[in-house]
Amino acid sequence: IYPGSTDAAGRPATLGVLGGGQLGRMFVHAAQRLGYFTAVLEPDTESPAGLVSHHHIQTDYDDPAGLAQLADLCQAITTEFENVPAQALQTLAQTRPVAPGAAVVGIAQNRIEEKAHFVACADLSGVTCAPYAVIETPAELQAVRDERPDLLPGILKTARLGYDGKGQVRVRNAADLATAWAELGSVACVLEKMLPLTAECSVLVARGWDGQVVSFAPQRNVHVDGILAVTHAYEGNMPPALATRARDAAVAIAQQLSYVGVLCVEFFMVEDGSEHGSLVVNEMAPRPHNSGHYTLDACDASQFDLQVHAMAGLPLPQPRQHSPAIMLNLLGDVWLDASGQRREPDWTAVLRLPGTHLHLYGKLHARAGRKMGHLTITGPDVASVKAVAQRAVALLG
Ligand code: ADP
Ligand code: MG
């Protein structure tokens with residue numbers, strides 16, 4: 001789908017996205033920079049992506065008329081959040097190229113299928129996931145209680161719809177297991193062994209329709225209260241041996257899925273007595289990811305550029321990172337004072353710091369924990385980036 005082209009009826013080449021959040025917004029920006037028109041399907045009238053797109057279809061994600069309109073407007077369609085109904089992608093795929101496809105999105109939406117995929121490609125990827133068991137019925141719960149003491153202490157996670165640490169309960173012992181399951185609504189879950197993490201990282205991979213694959217070096221991620229807080233993206237952010245293994249594993253996982261588009265694979269670094277520890281694959285997101293936002297400012301092609309290229313069938317540039325970077329997520333808390341009143345952060349002071357790049361998503365209402373934007377810091381070397389990041393954190397409190 002050539003950027004800037006028109007069809008026989010003179011209509012401009014248009015790319016579509018299901019979902020109107022900040023990931024959709026940054027995708028729209030990248031598509032528009034190349035000259036594409038864009039269409040966003042999102043029920044929210046004030047969504048970050050809907051506000052900046054040429055077309056905003058305001059229906060539910062599974063509304064047949066809305067989906068038909070999206071397919072009519074667009075030459076290719078992607079998604080920006082993984083809990084979009086896989087059925088909607090399947091409907092769109094009947095008439096339009098959809099990347100990533102409904103089948104892979106379906107796998108990533110369900111921890112049971114996701115882990116089964118990780119296990120199935122462990123030989124090729126060289127990494128496996130944390131020891132786990134599936135709990136879907138009271139009988140399975142009982143069996144896990146009796147036969148898998150090795151999984152405790154552990155974390156019980158709902159198979160579907162978990163994000164930012166939601167849909168999870170920590171389980172100390174067998175006696176707690178039944179309560180934890182009830183707390184999660186007795187839905188399908190996985191019980192995962194609690195691992196001694198030393199750090200977490202993620203890898204962004206992009207794969208085209210023709211099988212071409214490019215990837216970014218792994219970024220190290222720090223979560224606070226289950227939400228990504230800081231991403232460290234520079235050489236030396238983790239042991240080089242683990243970085244190579246994570247990148248190779250993510251590529252293998254994408255290839256085994258015949259994935260098209262940008263995929264983010266999250267890993268744990270785990271203490272195992274060896275010098276650098278071992279690597280465990282945690283989960284994957286079938287889309288650009290919060291941990292890849294630094295690529296907008298620190299790389300010559302961003303994760304959103306790659307998503308556009310992949311879905312449109314353009315060649316994928318192997319991205320080159322030109323600056324070390326640290327990304328700070330800006331949650332609604334930054335806009336709230338101690339008594340919960342709204343205040344404006346001191347952007348003058350923040351933007352006076354060298355190498356700061358502010359991205360706000362156009363969300364009008366600040367709520368604690370809500371992702372409002374991010375600040376990326378780039379610089380000539382890691383030490384200066386870290387120093388500026390520290391000052392920015394102090395200013396943003
Ligand atoms: P989410 O979908 O909310 O991102 P994750 O499975 O990534 O769910 O879990 C959220 C966080 O909880 C992880 O980033 C990690 O810090 C911690 N965590 C999850 N699973 C384990 C585990 N098996 N052992 C130790 N910590 C874990
Ligand atoms: Mg996670």
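Across which strands does helix α7 lie, and at about what angle does the helix run to β6? Helix α7 (residues 138–147) lies across β6 and β9 and runs at about 155° to β6. Axes here are lines fitted to C-alpha atoms, for helices over the stretch in contact, with angles from 0 to 180 degrees between N-to-C directions; two residues are in contact if their C-beta atoms, placed from the backbone, lie within 7 Å. Helices (H or I, at least four residues) and strands (E, at least two) are DSSP runs, numbered from the N terminus.

The model is a predicted one, in which local features need pLDDT of at least 70 and side-chain atom pairs count only at pLDDT 80 or more, whereas totals for chains, interfaces and linings use all residues. Residues are numbered from 1 along each chain as its sequence is written, and chains are lettered from A and ligands numbered from 1 in the order in which they are written.

We can start with the overall layout. The protein chain is assigned domain 1 (14–98), domain 2 (131–193) and domain 3 (197–396), with bounds that come from an automatic or database domain assignment. The centres of domain 1 and domain 2, taken over C-alpha atoms, are 35 Å apart. An unreviewed UniProt entry places the feature "domain: ATP-grasp" at residues 119–312; such positions are given in the numbering used here, feature names are shortened, and annotations may be inferred rather than shown by experiment. This span is 29% helix and 34% strand, and its end C-alpha atoms lie 31 Å apart.

Four strands form an open sheet in the order β6-β9-β7-β8, with antiparallel pairing; two strands pair if DSSP finds at least two bridges between them. β6 (132–135) and β8 (168–171) are the edge strands, each with a single partner, so one side of each is left without a neighbour in the sheet. Neighbouring strands of this sheet are turned by 20° against each other on average, direction ignored. The antiparallel pairing of β7 and β8 runs over four bridges, and V171 in β8 is the bridge partner of G154. Helix α5 (residues 111–120) also packs on the sheet, touching β6, β7 and β9, and its direction makes about 50° with that of β9.

Another open sheet of four strands has the order β3-β2-β1-β4 and parallel pairing. Its edge strands, β3 (55–57) and β4 (76–79), each pair on one side only. β2 (residues 37–41) and β3 pair in the parallel sense over three bridges, with H55 in β3 as the bridge partner of A39. Helix α1 (residues 22–33) packs on this sheet, where it touches β1 (14–18) and β2, its direction making about 165° with that of β2.

Ligand 1 has 18 residues around it, of which A130, G162, G165, E192 and L195 come nearest; a residue counts as near if its C-beta atom, placed from the backbone, lies within 6 Å. Two or more shell residues come from each of β7 (154–158), β9 (189–193), β10 (197–207) and β15 (278–285). Domain 2 and domain 3 both give residues to this shell, so ligand 1 lies between them.

Some backbone details complete the picture. The peptide bond from A99 to P100 is cis, with omega near -5°, and P100 lies in the loop between α3 (86–93) and α4 (102–108). The bond from L152 to P153 is cis, with omega near -5°; P153 is in the loop between α7 and β7.
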